[in-house]
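Grab a pencil and work through these exercises. Each one comes with a worked solution.

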Amino acid sequence: MSTTESPRPRTDKADTVGAADAAGRAETTADQAVKETLEDYTLRFAPRSYRRWTPMVVATTALGGIAYMADFSIGAGIGLAHGTSNALLAIALAAVVIFVTGFPLAYYGARYNIDLDLITRGSGFGYYGSVLTSIIFASFTFIFFALEGSIMAQGLEIGLGLPLWLGYAVSTLMVIPLVVYGMKALSKLQVWTTPIWLLLMVAPLVYLIANDPGTVDRFLAYPGTDGDGAVNTASVMLGAGVCLSLIAQIGEQIDYLRFMPPRTEANKHAWWTAVVMAGPGWVVLGALKQAIGVFLAVYILAEVGPVAAPEPIQQFRGAFEAMMPSWLVIPLAVVLVVISQIKINVTNAYSGSLAWTNSFTRVTGHYPGRMVFVLVNLAFALVLMEADMFSFLNGVLGFYSNCAIAWVVTVATDIGVNKYVLKLSPLQPEFRRGMLHAVNPVGVVAFVAASGLSIAMYFHLLGDTLQPYSPVAAAVIAFVLTPLMAVVTRGRYYLRRTDDGIAEPLLDADGNPSGATLDCHVCHQSYERPDLTACVTHEAVVCSLCLSTDKTGDHVLPAGV
């Protein structure tokens, strides 16, 4: 082991006893955390020994999580309000922004096998600074869980006659057993259900267009309730703001992409295809679903009216009625909605529990178990459903998008500009406690300023004229302030120290995280090299999870070079 500063063990008797007691408590907490996180690697790097899936299996699993029906509702809501032309432009604009910002995040998650919270820590926010964005991401997961649960409850009401309040409860409770087992179970669920979902979604659309081409003309000519169908910049921006609330979906994609195998010369083409397709590429399918939502809403508008037209169960019931016997319509529509809801909400519950666990454990030093936060996330979602969140969907998403845009653009800019252009941010992501400053003003200031000012604009505090442009403000302010803050601070707040005290290299010859293993002296488990640092009080190493649960900081390396 090599350290620039050789931390000395404590020799004072009282200190030694206190350190031993603290170590014992830390070992108890760490043992509990280790047992409960071996399946999903909460709080830490995903080791090479666990990542046995091929790039295409990981990509299919990640894409299975975007089978949600909310896109149909989002597209329909924008199209009905602003007209087809404005809706399609808004959808396209948002998709471009989401793709561009999602690419560097997806690459870092897949290349270095860490989730978006760990990426955020080392990309401008610091060890504790990223707690703020973890809460933003956790909010994303329960907001969209509530949205998908509402859609499923609508399907159960039409198909089985269940009252909405009971449908909300059913859609929430049925996810719990599915999300307990982490990536292994989720990969099987997503791979096996995706072909059925694609068939049920695509077949009615193809049938309608082939048998009644006039539906396309009516769709393209629809003017919307708020205008005359002409392209209007404010309408496009308002619509794009709603679509951009989905920008945080890249976090859920990375929760799967972190399990990508190492990139080598032999698999590099498949590796890159999987990363692009399942990373930023998710938005291509998302944008298509939003456009389909506009199409189906216009198609059924005369029959069901503007209130029900954004409901996916109504949209697909109307589409299925045109192509199959009436007795089969409702069952198939319900099956589609239920499959879609399960596919996305296991991901929402899974990713949300990881985000809450990350935040809570860092702040308190205590690991309560991921399943605790599965239940917390579901409770928040159920409250939103019972409060009829679906009826004010676009308002909730329009507000939330300001925070999500500010966060993702800040991190993407730090990676793309501060790391690769300005060279002020360390190229290799760092996430371990002791290696990072508690708070890095680069990301925190850029995020707070961008989200704060854009939210003020959204609520008309800066005038009615600027209100539609709040998403643009969030993106532009974050994009400008992130490199500006890096230059002002000269990159001093990225790393607390550069030497982690271990001689073994972090990366292998191909630039992948090393697969070499060492034993953590606190929890006595073997971990791969990127997950460890030297211990300040022992000639040994400590894993990142034990560092997270070290309340007294006995194992944390001091600031240094």
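Predicted model: local features only at pLDDT ≥ 70, side-chain atom pairs only at ≥ 80, totals over all residues.

In what kind of crossing, left-handed or right-handed, does H2 pass H12?

Residues are numbered from 1 along each chain as its sequence is written, and side-chain values use heavy atoms, leaving out hydrogens and water.

**Exercise 1: the helix pair**

Solution. Start with the handedness: H2 passes H12 in a right-handed crossing (the near helix is turned clockwise from the far one by less than a right angle). Helices here are DSSP runs of H or I with at least four residues, numbered from the N terminus. Next, the axes of H2 (residues 55-64) and H12 (residues 249-257) come within 9 Å and cross at roughly 150°; axes are lines fitted to C-alpha atoms over the stretch in contact, with angles from 0 to 180 degrees between N-to-C directions. H2 and H12 are therefore roughly antiparallel (angles over 145 degrees). Finally, on the H2 side Val58, Thr61, Ala62 and Leu63 meet Gln253, Tyr256 and Leu257 of H12 (heavy atoms within 4.5 Å).

**Exercise 2: the second largest cavity**

Which element gives the most to the lining of the second largest cavity?

Solution. First, the term: a cavity is a set of points on a 1 Å grid over the protein atoms alone where a 1.4 Å probe fits but cannot get out, and lining residues have an atom within 4 Å of a point. Among the residues lining the second largest cavity are Asp115, Phe137 and Asn358. H5 (116-125) and H16 (326-364) are the elements that give two or more residues to this lining. H16 gives the most, with four residues.

Notes. 1 Å grid on protein atoms, 1.4 Å probe; cavity = no way out; pocket = protein on both sides within 12 Å on 5 of 7 lines; lining within 4 Å. Parallel < 35°, antiparallel > 145°, perpendicular 65-115°, else oblique.
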